[in-house]
Amino acid sequence: MYNQAPPPAAPLSNPFGGARPAVQSNPFGHVSAPPLAPPAAMPGSAVPPPPSAASMQERSSPPVSASPFPYGGVGGQMNQPGAQDAQMTAFLQDLAQFNAPTDFVRATVTRFPNSSIAKQKASLPLGMVLQPLAPGVEVPSVNMGHIGILRCTQCKTYLNPFVRWESGGRTWSCNLCGFSQTTRDNFYANLDETGRRVDRYEKECLSRGSIEYVAPAEYMVRPPQPPVFFFAIDVSYAAVASGMLHSVVAGIKEAIQAGIPGGDRLQIGIMTYDTTLHFYSLTASSPQMLVVADLEDIFLPLAEGILVNAAENSSAVLGLLDQLPEIFRDTTVNETCLGSAVRGAHLAMKHIGGKLIVCGACIPSVGTCPLKSSRENPRLLGTEREVEALRPVSDMYKDLAAELTKAQISADLFLAPQAYVDLASIAPLAEFSGGEVRFYEAFNYQLHSVKLKSEIQHALTRYTGWEAMMRVRVSRGWKITGMHGHHQRNGDLLVIPSCTSDQTFAVTFDIDENSMPEARICIQSALLYTNSEGERRIRVHTWSALTTEVSADVVNSVDVQATISVLSSVTLSQSLKVSLSDGRNKLQQQCQQIVSSGHFNSESLQFLPLYILGMLKSPAFRATNDQGADLRTFIFSRLASLPPSQVSAFFYPRLLSLHDMADTCGLPDETGSIALPSMLSLTSASLTQDGIYLLDNGESILFWIGRAADVNFLQCVFGMPSFDQFDSNAAGSTVATQGNTLSNRVDQIIQQVRADRSVPFLAVQVVRQGEPLETKFFASLIEDRTAGFQTTYAEFLQRVGYRPQGQQPQGAQSAPPMMTMGR
């Protein structure tokens, strides 16, 4: 009875004011929604497909070099009429078959410009998003044995499907630097009539864009490191009273009991801290606490037993975790020495390396690297000077990260404070050691405990590459202009003490003015790391594409999500260097360039301005004073290492209608995935007062309950008898737990949304129409006027220069596309 569309209800007005323009037809001629993920990652994705081989063949520009393809002809066949077209068609097929999967590599465009003029006309950022250990795709493992790993002798590029074979297979030319070299005798094979090796499909290095080599001894400077997790846990009054300590302990215990990768090699250590450091001997059946009170001259109180084998000492480790909440239950200590705790952990770990997990609940005010709460200045928020609060007070935590990195230690921060902690100064500890930041503002045990526990468990159980380093190479005619993400950079080498399956890096490119780009571009990343089983591995991703001098070809090949991800990383860096307003101006200028380029009516580009508007209205960039410096810093840090699908979801959330969903929603489809309701436009015109809606922004799930919502739906799904008796705080834990058919369907929808966003854990919040939290919901409706940016999507398009065809510039009106996904 709840699946039928309700009678029409009055649309809601935007609480930020301003009437929404009358809905007009879509000026782009399309009715669809912005994509939320790659086609294979999310049902209903509207990512435009790359140009077909035939269309690219028809529009292709003349190659700059004489032999742009990785294979040549036999007996001069390729010089005959039509042979060049055949080469191009074959090469395009190779790109589709042999390029690294988009799970690992996503370029902003799949046709790069080969001239400055084409680049300027396209007006798009040129870059790539790399997620080298992304989950979900099997990468073949190859042991080259006595043959050895084959690399270019000049630029060290790894052999890949796009190298050019010559002289009947006796030589090969590197597809990055062009250097020609002799094929090793033990790797020689004949070529077929097209110039390809006859055994290419028998060797993964010649037929796979993503491959993982078993590294021989020359790639090791020491025996492979075991997996190491060392926990530094805040036990101050704030940590105990808020429930943070209890949540952290529970998360660690559940991860250990579920199984942390590493088996018998796994090592664990635990330290607690307040104004002193508490080390624990974990070799005895009853753990012993040893206190270090001198924070100026930190030392290890024990030579052994602080870092132990987890399998051999599991009872001691679990016993200590059980005891910690009780040991510090009556504490009255209100200060902490987080910086000193990191130095103490460094002493315990430096002989091995590993992952340091720091859990804190208040600002570190004593010991090494102390900070002052007086630095908080709410008057800066939303002003030109806000960036001052987003920069670290000094480089002391960045320098501490450099010390950790030298010892192959990476730090993750789990901060759950009740007040200001100066996260801008602490975050570099994680960002420059290859770690990540988790932040739970105004931590509340009822609201945040499950999220904190789940994210700690994920951090301990995800795939991790230890003592890692990565290098990115690009072919002649191109240069790397920027590398974004959490790492320690040493020239063109990224040092990442622990590289996880979640970590993402954005790389930007530009044409090298000292050499001319060729007719194809090739980019290769190589990550050297140790897996949790103790094997040294080299994961290589190779991606290639054609270049063009036709700007329309570049535009038509755009990957909107990858473009937004790279644009976000570049703008975040720019904002911190100059100001937030400068970053916002850069975004608007970028949008103006896209609109004025003459390609805006391209189907590939139509959603890019909408995403840019979402960036301007997002918590990352909006000019408001409703969020503190700590929260803004956390958002900046998160966006710097998210994959494109989640960056896109953050800037353009997913809005689903539950009260009128189809009968098939909440049930498995033919692929086994749960069918979701159609996606709605982010505007109050999509809402009705009798509606119940789910908003997914990639960080949380927010339910909005209309005032006239059906009481039977409220009872069946939330266990609430009516709107007036609806308890929003309790509803967050009771939603979809009632056990009836409708409740189970809504639960399946929630689980599918969480599966689409496996990281982070999406906590559920419920808000009724008229409650204060409603402003957070309406702030996500970016096509309307919102706080900090009182412009609708239609007005924004007009501001950046878009004029619907057939209308004069003066007085022209345009409206945002009314988008529904999956219809």
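Strands are DSSP runs of E with at least two residues, numbered from the N terminus, as helices are (H or I, at least four residues). This is a predicted model, in which local features need pLDDT of at least 70, side-chain atom pairs count only at pLDDT 80 or more, and totals for chains, interfaces and linings use all residues. Residues are numbered from 1 along each chain as its sequence is written, and side-chain values use heavy atoms, without hydrogens and water.

**Exercise 1.** Find the strand that holds valine 291, then decide whether valine 291 is buried, partly exposed or exposed.

*Solution.* Start with the strand: valine 291 belongs to β12, residues 288-292. Next, recall the classes: buried is under 20% relative accessible area, exposed is over 50%, and partly exposed is in between (1.4 Å probe, protein chains only). Valine 291 has 47% relative accessibility, so valine 291 is partly exposed.

**Exercise 2.** Classify the ring pair of tyrosine 440 and phenylalanine 443.

*Solution.* First, the rule: rings of Phe, Tyr and Trp (its six-membered ring) pair if their centres lie within 6.5 Å, with planes under 30 degrees apart stacked, over 60 edge-to-face and the rest tilted. The structure holds 20 aromatic pairs. Finally, check the burial: tyrosine 440 is buried at 2%, and phenylalanine 443 is buried at 3%.

**Exercise 3.** Which residues do ring pairs link into a cluster with Trp704?

*Solution.* Follow the ring pairs, and you will find Tyr693, Phe777 and Phe778 in the cluster with Trp704.
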